[in-house]
Amino acid sequence: MSARVLVGVKRVIDYAVKIRVKPDRTGVVTDGVKHSMNPFCEIAVEEAVKLKEKKLVKEVVAVSCGPQQVQETIRTALAMGADRGIHVEVSGKDYETLGPLQVSKILAALAKKEQADLIILGKQAIDDDCNQTGQMTAALLDWPQGTFASEVNIEADKLKVVREIDGGLETIKINLPAVVTADLRLNTPRYATLPNIMKAKKKKIANVKPADLGVDVSSRLEVLKVDEPPQRQAGVKVETVHDLVGKLKEAGRI
Amino acid sequence: TEEEIMIRDSFCTYCQEKLMPRILMANRNEHFHREILNEMGELGVLGPTIQGYGCAGTSYVAYGLIAREVERVDSGYRSVMSVQSSLVMHPINAYGTEAQKQKYLPKLARGEILGCFGLTEPNHGSDPGGMETKAKYNPSSRTYTISGAKTWITNSPYADICVVWAKCEDGRVRGFVLERGMEGLSTPKIEGKFSLRASATGMILMDEVEVPEENLLPHVSGLAGPFGCLNNARYGIAWGALGAAEFCFHAARQYTLDRIQFGVPLARNQLIQKKMADMLTEITIGLQHTPEMISMLKRNSCGKALDIARQARDMLGGNGIADEYHIIRHVMNLEAVNTYEGTHDIHALILGRAITGLQSFTVGK
């Protein structure tokens, strides 16, 4: 199969870091804070590389949008087995307001330019928890989508996707080209081996600007303020159900 | 470099996710997880500085960073890795024939076979030159007959091959590759060991073992051979010890922030803060260096790491002696790390000789 897979990877604050809000309440502190690849994006890369190892796809291209630092994230994808990378340069104010709508426009443009047959993304990013990019990208391309995938199989020229839904698991068959978003149980990402990390150095990362793709990255959203969640207040212990009802009435809850 | 940072981060994740969960029980029950060699082999971190033969061919800095991440979990695991990489793969690569390299290196790199390094003897630790293990050449069978005993050999009870250093009839020390199954070769385990319990340590007993001459490492003779290997390993050990010290520092910091006595966290106290400031200073200074100062590095890193671990243990009070909190395990391990690869005192004498031009290893002239 001569399929080409586009995998989107996002550079986010590492999951283990304790997040702090900036004193001016416009966002969270990112300077000097450890960043890494979004865990769901790791799962997406792993799935793409697995498909290549099974010889079901020919080329895996890793894409990331952001400033210079996202190249580290692309390199990690290359070390895991992606063939080449594309760095879409977005920095400064544009990067601060970059969201799913702009990213999905970029991915849609790239998919057409690179003639991709499959786009695999993480189901959501752990910083904004939007869970929108995959769906928007599919809509812009008018492609079918298999979201929250816990299993992906290529059968003939169709994609069989098992999706994790509230009621359990749902299996769908969709045509290619398609967009898939990876959920937790899709696979366990591999550790990048030393030889692969060293090979990744030689793989190419192309630089592209959103304007080259005809995409306007300006945002229609304005962040008004960012606050920490309220401190948890102490609770009150009651002896009997009667007391509980009494307290709830007192608090005007019932 | 960016590549070295990626290597460190990728390996750090492996160590924390796969090694850390095993170490508590491995240390408590003195269980050696042979599988970790295969896992490390898959990651390509065995023999990392070797070019070719299935090895990564990366820098010494990367090797040091790898050692630091493993030792952050346990010095025993790091010892196992150092032996395989620097004391078994390196001599075969540096002193062996092409045939030997092809035969052993790829399997060692994958962790398929395990090796050990036999230099130290029951009566000769700091003075390997006085070794009593002898190798006698038999021209009729083109073999060497080797007899002697080696002790404190990491990996030996489970090793598939042993790189043994023996004195030949010309008085020169040479290296031989012995294979398990050779008659007269046995590797009993050393019992009652209270350091590096997660790695298996034993003896190498050789009772007239017949070794074919193809198993001699031909490209070196004299103590330069084993010393070359130990120098290769020493860099990893110096960085590794600091990894252990960093774990103890972070563990003590977290504990003293969490533990409240007399209404305030322990970390609120001046004595506690001074101890942590000193620890961090020593660790940071220890990480700044050049490879040429290797003797100073090893002695300083290991000595300071042991001090830091003991201080950290103290800061955890009673909880500090429970293996659940891990620090006491590092205290125990670092006693061995301080001693092997050239004791603290021997390195002091090496430096003393470099500083003054006069040797004080022996009482003679």
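Which residue does the side chain of Arg28(B) meet in a salt bridge? In this predicted model, the partner is Asp323(B), with an N to O distance of 2.7 Å. The pair links distant parts of the chain, the two residues being 295 apart. Arg28(B) belongs to helix 1 of chain B, whereas Asp323(B) lies in the loop between helix 8 (294-315) and helix 9 (327-339) of that chain. The two partners fall into separate accessibility classes: Arg28(B) is partly exposed because its relative accessible area, 41%, lies between the limits of 20% and 50%, and Asp323(B) counts as buried because its 17% is under 20%.

Further salt bridges were examined within chain B. Glu71(B) and Arg78(B) are joined through their side chains at 2.5 Å, N to O. Glu71(B) is buried, with a relative accessible area of 0%, and Arg78(B) likewise counts as buried at 0% relative accessibility. Arg110(B) pairs with Glu112(B), and the closest N and O atoms of this salt bridge are 2.6 Å apart. Here Arg110(B) is partly exposed at a relative accessible area of 45%, and Glu112(B) is also partly exposed, at 39%. In chain A, salt bridges that share partners connect Arg4(A), Glu59(A), Arg84(A) and Glu114(A) in one network. Side chains of opposite charge can pair when their charged atoms come close.

The interface of the two chains was considered next. Contact is made between 18 residues of chain B and 11 residues of chain A. About 1300 Å² of area is buried between the chains, and carbon and sulfur atoms contribute 69% of this area. On the side of chain B, the residues that lose the most area to chain A are Glu3(B), Met6(B) and Leu43(B), which together give 41% of what that side buries. Between chain B and chain A, 2 salt bridges are counted. One salt bridge joins Glu3(B) to Lys201(A), with the closest N and O atoms 3.0 Å apart.

The side of chain B that touches chain A draws at least two residues from each of helix 1 (2-28) and helix 2 (35-43) of chain B. Helix 1 of chain B supplies the largest share, 9 residues. By residue class, this side divides into 8 nonpolar, 5 polar and 5 charged residues. Helix 1 of chain B therefore contributes to the contact with chain A and also holds Arg28(B), the partner of Asp323(B).

Two annotated spans complete the description. In an unreviewed entry, UniProt assigns residues 25-217 of chain A to "domain: Electron transfer flavoprotein alpha/beta-subunit N-terminal". The chain over these residues is 32% helix and 30% strand, and the end C-alpha atoms are separated by 24 Å. For chain B, an unreviewed UniProt entry lists residues 116-209 under "domain: Acyl-CoA oxidase/dehydrogenase middle". This span of chain B is 0% helix and 49% strand, with its end C-alpha atoms 17 Å apart.

Key: Residues numbered from 1 in each chain as written. Chains lettered and ligands numbered in written order. Predicted model: local features only at pLDDT ≥ 70, side-chain atom pairs only at ≥ 80, totals over all residues. Heavy atoms only, no water. UniProt positions renumbered as here; feature names shortened; annotations may be inferred. Helix = DSSP H or I, 4+ residues; strand = E, 2+ residues; numbered from the N terminus. Contact = heavy atoms within 4.5 Å. Buried area = accessible area lost by both parts, 1.4 Å probe. Salt bridge = Lys/Arg side-chain N within 4 Å of Asp/Glu carboxyl O. Nonpolar A, V, L, I, M, F, W, Y, C, P; charged D, E, K, R; others polar. Buried < 20%, exposed > 50% of the residue type's maximum accessible area, 1.4 Å probe, protein only.
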